[in-house]
Amino acid sequence: MNLLSVDSVSKAFTEKVLFENLTLGISQGDKAAIVGINGCGKSTLLKMIGGEIAPDSGNVSIRKGTSIGYLSQQPNLSEDLTVWQAMFETENPVLLAIQRYEKALLHDQADEVAEAAAQMEQLGAWETESKIHQTLGKLGIQDTEKLIRHLSGGQRKRVALAKLLLSKADLIVLDEPTNHLDLETIEWLENLLNTENQSLLLVTHDRYFLDRVVNVIFELENGILYRYNGNYAYYLEKKQERMETKQAEVEKARNLMRREYEWIKKQPKARGTKAKYRVDAFEEIKEKANQKVGESQLAINVGMVRGGTKIIELQNISKNFGNQVLLHKFDYVFKRQDRIGVVGKNGVGKSTFLNLLTGELAPDKGNISRGDNTLIGYYTQQENSLPLDKKVIDVVKDVAEFITTGTGETISASVLLTHFEFPPATQYQPVAKLSGGEKRRLQLLQVLIKNPNFLILDEPTNDFDIKTLNILEDYLLGFKGVLVLVSHDRYFMDRLVDHIFVFEGNGVVNDFSGNYTDYREAKAEKEAAQKELEAKESKKIVAPPLPSPTKNTDKSKTKLSFKEKFEYENLEQEIAKLEAEKQVITEKISLGSISNYLEIQEQSKRIEQLTALIDEKSMRWLELAELVG
């Protein structure tokens with residue numbers, strides 16, 4: 001069943017045509033992604049589908065009765081609403097009932113709480129309410145009474161994402177959903193989208209996400225949309241086959257063009273009997289033969305300023321912001337060619353750590369010592385103010401006109417720009433004409449052309465397309481200096497780092513040897529072992545020992561001992577107390593008196609423990625009752 005049809009749409013901005021007569025369809029069950037270079041029109045296409053802009057021609061149609069939810073890169077939320085109000089701008093009766101209940105709880109209105117709880121019971125809204133708190137918790141949204149105007153761009157996007165996930169739309173459309181999420185949250189979102197019975201269309205540069213969630217990939221290239229029915233690995237395989245086929249066609253056209261060109265040259269200039277059809281065909285062959293196939297194969301062996309024996313040494317470093325401890329007595333001596341990934345939840349101190357390395361921040365305690373020849377290149381999350389009226393090539397030349405490679409060769413700023421997907425025509429345009437992603441790429445080149453020997457990259461993957469990420473990865477694989485990388489792109493981390501600084505919170509930093517996947521596997525094994533241990537512990541219920549079995553039927557031998565009689569008389573009271581506790585907890589959960597999701601989990605575990613205890617004690621009571629006769 002087709003949910004979405006995009007029929008022959010076209011879109012151009014001033015002189016730039018993004019695509020013409022483009023057609024796309026999403027069926028129920030499709031989990032699709034659009035890939036392509038920055039500026040090819042991916043986000044524009046999603047905006048059309050989301051209803052934010054109209055196509056110049058063609059139609060976007062949604063099947064009758066199909067609900068669609070759209071998350072843009074910069075969601076538009078009302079500034080004057082609280083987080084909770086922004087999330088529930090809806091006519092959905094279940095969500096409205098939950099909103100009423102939460103508001104009554106917040107303002108401690110007992111009568112209103114009771115009425116709202118009864119309404120929720122009637123609508124079967126408790127499971128949804130529990131899921132809301134789980135979603136908010138996973139996305140790091142704690143203060144639901146905070147005004148939208150006081151949130152950062154990343155926080156706003158997480159609020160909009162939570163709103164969309166809870167809307168239960170038939171088709172959800174996501175533009176770069178993993179930006180501004182930490183690694184743990186990305187993995188949670190990945191699992192959620194895999195298990196939810198929703199159709200999906202997204203744009204993302206996260207290659208693991210594409211491989212694990214998506215079953216259809218559309219590639220938008222030079223205004224043409226190619227469809228691949230498979231995940232990212234399948235797409236790479238089939239694209240390579242397409243490129244090889246196209247290359248063969250181009251080579252064939254070039255050979256034919258040479259023969260036709262020789263024929264045309266041999267014809268007399270003044271003769272009017274030249275076969276016009278053959279001349280026209282030659283022009284078509286020429287156009288095909290001049291097509292560019294594949295991607296640039298230019299490789300640059302990275303050079304850098306020669307460093308000394310001492311690089312950077314951290315001794316007993318501590319750093320707090322108010323009551324929040326970000327680093328506590330941290331020690332590390334950087335070694336040549338260290339390749340370190342920095343991971344942890346948002347707000348635990350990753351960017352602060354980078355600013356301590358560069359000297360932009362000073363530690364509260366401890367000492368940071370830098371080698372005399374240590375030259376730091378720092379690419380930050382914040383956009384630098386580029387001179388909009390300057391030509392692209394002049395911005396790079398202002399830093400350096402030439403760069404020395406690892407083999408001692410000298411290449412120009414223009415060659416470096418070409419390698420990073422700035423063709424000569426773009427190099428002589430003003431910066432103002434660049435897209436957001438192109439400006440960030442130019443900012444990166446300003447860092448790289450300095451030939452640093454200590455390179456710090458803070459979330460370099462946020463604004464880059466997959467092609468740029470591949471170029472950057474290849475460049476960094478040849479880098480011989482120290483690399484410190486903060487990124488939520490797991491594929492990027494796996495290729496480039498060999499050990500991880502794990503920021504656990506409260507100033508604790510663990511140094512793990514291995515890449516990100518190694519770390520996640522080790523963590524999963526540890527968590528599984530811990531759960532197994534907890535399960536074993538929960539089954540260990542202390543109970544009085546059973547009497548030894550005996551075949552003696554003498555009534556004097558079957559009478560209870562004083563200890564057993566005491567146990568028998570108290571078991572009924574103990575069982576009654578346990579059942580009463582279980583009843584109270586069950587009623588609290590069903591009436592919604594417990595709103596915190598984690599507390600609900602804990603109380604559910606307690607119900608399991610109580611049930612096991614009641615069963616155990618009831619069996620013991622029956623055994624003693626038989627002896628009593």
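**Figure 1. Salt bridge between Glu115 and Arg100.** In this predicted model, Glu115 and Arg100 form a salt bridge whose closest N and O atoms are 3.1 Å apart. Glu115 belongs to helix H4 (residues 110-123) and Arg100 to helix H3 (residues 93-106), so the pair ties together parts that are 15 residues apart in sequence. Glu115 is partly exposed, its relative accessible area being 48%. Arg100 also counts as partly exposed, at 28% relative accessibility.

**Figure 2. Salt bridge between Lys239 and Glu219.** The side chains of Lys239 and Glu219 meet at 2.9 Å, N to O. This pair links distant parts of the chain, with Lys239 in helix H9 (residues 232-266) and Glu219 in strand S8 (residues 216-221), 20 residues apart. Lys239 counts as buried at 13% relative accessibility, and Glu219 is buried with a relative accessible area of 4%.

**Figure 3. Salt bridge between Arg227 and Asp30.** The closest N and O atoms of Arg227 and Asp30 are 3.9 Å apart. Arg227 is in strand S9 (residues 224-228), while Asp30 is in the loop between strand S2 (16-27) and strand S3 (31-35); the two are 197 residues apart, and the pair links distant parts of the chain. Arg227 is partly exposed, with a relative accessible area of 42%, whereas Asp30 is buried, at 11%.

**Figure 4. Salt-bridge network.** A network of salt bridges links Arg207, Glu473, Asp474, Asp489 and Arg495. A search of the whole structure finds 29 salt bridges.

**Figure 5. Aromatic pairs.** The structure holds 15 aromatic pairs. One of them, Tyr228 with Tyr235, is edge-to-face, at 5.1 Å centre to centre and with 80° between the planes. Both Tyr228 and Tyr235 are buried. Tyr379 and Phe464 form a tilted pair, at 6.3 Å centre to centre and with 40° between the planes. Tyr379 lies in strand S14 (residues 376-379) and Phe464 in the loop between strand S17 (454-458) and helix H16 (466-477), so this pair ties together parts that are 85 residues apart in sequence. Tyr379 and Phe464 are both buried.

**Figure 6. Aromatic cluster.** Phe330, Tyr332, Phe334, Phe353, Phe454, Phe501 and Phe503 are joined into a cluster by ring pairs.

**Figure 7. Arginine side chains over aromatic rings.** The charged end of Arg212 sits over the ring of Tyr208, 4.5 Å from the ring centre. Arg441 lies over the face of Phe422, at 4.9 Å from the ring centre.

Key
Residues numbered from 1 in each chain as written. Predicted model: local features only at pLDDT ≥ 70, side-chain atom pairs only at ≥ 80, totals over all residues. Heavy atoms only, no water. Phe/Tyr/Trp six-rings, centres within 6.5 Å; stacked < 30°, edge-to-face > 60°. Buried < 20%, exposed > 50% of the residue type's maximum accessible area, 1.4 Å probe, protein only. Helix = DSSP H or I, 4+ residues; strand = E, 2+ residues; numbered from the N terminus. Lys NZ or Arg CZ within 6 Å of the ring centre and 35° of its normal. Salt bridge = Lys/Arg side-chain N within 4 Å of Asp/Glu carboxyl O.
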